[in-house]
Amino acid sequence: MLEELGWALHDRSINFLSHDDWGKLKRSLRNSDADINVFEASNRQLNRKAVSDDRLDVLLSPEAAGVDEVLAAKACENEVSVALSLRNLIDSNRRTELLSDWRIILDTVTSQDARYMVTTEAKTKWEPRSPRAVRSLVDTLGFDGKTAIRTHRQVTGNGDKEEEAGGSP
């Protein structure tokens, strides 16, 4: 799954969580011994509870309607990164709307000084995966692409220069 996300990790373990019940999610977080806990976004209420737990590291692919100032403030307070997936953009039939949603999410997240990142979920070597491509996309949306890459490195603990040369963000 890590390769699918486009995450190159060195000696780091990840726990991917996908629940629709707060009790189950909370138990999974409590019992996790992973270095990084990632929650695949669900509904607004559960996403808010998830980012309120400081054991969570990443909220992956939330919908724009579910990201408000309260969620962003809680994410900032608990150092949870909001992650957008390039895979969603590639697979979407509504790319224009999705990019608009990303702009809304990034605007809300940055207004509360919360961390954000973009992950590629590249499935082939021909799909965009380099930090330069990700940075350019975020810059095009009017936000700081370097911040997205820097946050990714902070979360994954991967500060290798190979990423700058074109490895996975």
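What share of the contacts in the protein with a separation of 6 or more is accounted for by residues 24 or more positions apart? In this predicted model, such residues account for 55% of those contacts, where contact means heavy atoms within 4.5 Å. Because the model is predicted, local features need pLDDT of at least 70 and side-chain atom pairs count only at pLDDT 80 or more, whereas totals for chains, interfaces and linings use all residues. Residues are numbered from 1 along each chain as its sequence is written, and side-chain values use heavy atoms, with hydrogens and water left out.

The protein has eight helices and five strands, which are DSSP runs (helices H or I, at least four residues; strands E, at least two) numbered from the N terminus. Along the sequence these elements follow the pattern α-β-α-β-α-β-α-β-α-α-β-α-α. Of the 169 residues in the protein, 46% are buried, that is, under 20% relative accessible area, with exposed set at over 50% and partly exposed in between (1.4 Å probe, protein chains only).

In helix α4 (residues 69-77), the residues L71, A72 and A75 are buried. Seen down the axis of α4, its buried residues fall within an arc of 95 degrees, and they therefore line one face of the helix, the arc being that of the directions from the helix axis to the C-beta atoms. The cover over the buried residues of α4 includes α3 (44-51), β3 (58-60), β4 (81-85) and α6. Just after α4, a positive phi of about 55 degrees is found at E79.

Helices α7 (residues 131-140) and α8 (residues 145-156) pack at an angle of about 130 degrees, with their axes 7 Å apart; axes are lines fitted to C-alpha atoms, for helices over the stretch in contact, and angles run from 0 to 180 degrees between N-to-C directions. This angle makes α7 oblique to α8, since angles under 35 degrees count as roughly parallel, over 145 as roughly antiparallel, 65 to 115 as roughly perpendicular and the rest as oblique. The contact is made by P131, V134, R135, V138 and D139 of α7 together with G145, K146, A148 and I149 of α8.
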